[in-house]
Amino acid sequence: MTGQNPTTGGRYRVLGRPREPDELLLVTLDAGGGVGDRDAPADGDSDRPADFEGAFAPVYVDTTGYDGDLATAVEGLRAGGLVDATLVWRDGDPRFTSLSVVADTVFEFYDGVTGIFEAAKNAWMVAEADNEGMNARVTRDTDGDPNGALYVFAKQSGARDLFSEFRTGVTPLSPLVSRVDDAASALPEEEQPRAVFVLRPADEPFLVVYVAFRRDGVLAETMRTTYGDSEGVLG
């Protein structure tokens, strides 16, 4: 019976393995359709788990025990990837039954960075002058062509950890990536995967999210070279 092993299908953002090495965190971008759709129940019952929350819901998926092409596909997933997947829920725990990569975007998280670049400092100065908690701007390469979208966010007071929220999907990064798709200067993510850098400076009052339009372009490689020796890349 379908109710014994409910399934959901949709588009997900991969966020890596922040909790366990054999457990992959996905964030739901577009779930439903087919047997997993609340509005199209099979045999009078919804196959989707009752606590499945829809858009931006976190889903932890076991990455062990797969065979063949599916095992290879699961093993190759890394933080940032945009995937279409079908999950089967057994005793409340999801596992992949099908998987395809839509865009091999990467998310890279660098903690404790020093020597933060001037564009980020300038963006934060504007935010402070405007008494705002964030600021955004498009950056350009030496030829004047747009190459990235830069966001700065105030470090949160109290117990809130915005860096951790981005990493675990509590505060989703996908909307920032999607904004790039709407820009006339960038190809869609499916055609040109991004590189998204989340930086927590050691000595600045802000966090940085930098969406490089090209995953392996000059900007992305410069970011990796500059901050790759920081306290660690997580993902």
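Predicted model: local features only at pLDDT ≥ 70, side-chain atom pairs only at ≥ 80, totals over all residues.
Close-up 1. The lining has 16 residues in total. Those nearest the pocket centre are Asp141, Pro146, Asn147, Val218 and Leu219. The volume of this pocket is about 320 Å³.

**Close-up 2. Helix α5 gives the largest pocket the largest share of its lining.** That share is 4 residues. Helix α5 covers residues 218-227. Strand β8, residues 146-154, also lines the pocket.

**Close-up 3. Arginine 224 forms a salt bridge with glutamate 108.** The closest N and O atoms of this pair are 2.7 Å apart. Where do the two partners sit in the chain? Arginine 224 is in helix α5, and glutamate 108 is in strand β6, residues 106-113. The pair links distant parts of the chain, 116 residues apart. Are arginine 224 and glutamate 108 buried or exposed? Arginine 224 is buried, and glutamate 108 is buried too. Side chains of opposite charge can pair when their charged atoms come close.

**Close-up 4. Arginine 200 forms a salt bridge with aspartate 111.** Here the closest N and O atoms are 2.8 Å apart. Arginine 200 belongs to strand β9, residues 195-201, while aspartate 111 belongs to strand β6. The pair therefore ties together parts that lie 89 residues apart in sequence. Why does aspartate 111 count as buried? Its relative accessibility is 17%, and buried means under 20%.

**Close-up 5. Arginine 200 also forms a salt bridge with aspartate 161.** The closest N and O atoms of this pair are 2.8 Å apart. Aspartate 161 lies in the loop between β8 and α3, and arginine 200 lies in strand β9, so the pair ties together parts 39 residues apart in sequence.

**Close-up 6. Shared partners join salt bridges into one network.** Which residues belong to this network? The members are Arg78, Asp104, Arg215 and Asp216. The structure as a whole holds 14 salt bridges.

Definitions and conventions: Residues numbered from 1 in each chain as written. Heavy atoms only, no water. 1 Å grid on protein atoms, 1.4 Å probe; cavity = no way out; pocket = protein on both sides within 12 Å on 5 of 7 lines; lining within 4 Å. Points joined across faces, edges and corners; volume = space filled by probe spheres on them. Helix = DSSP H or I, 4+ residues; strand = E, 2+ residues; numbered from the N terminus. Salt bridge = Lys/Arg side-chain N within 4 Å of Asp/Glu carboxyl O. Buried < 20%, exposed > 50% of the residue type's maximum accessible area, 1.4 Å probe, protein only.
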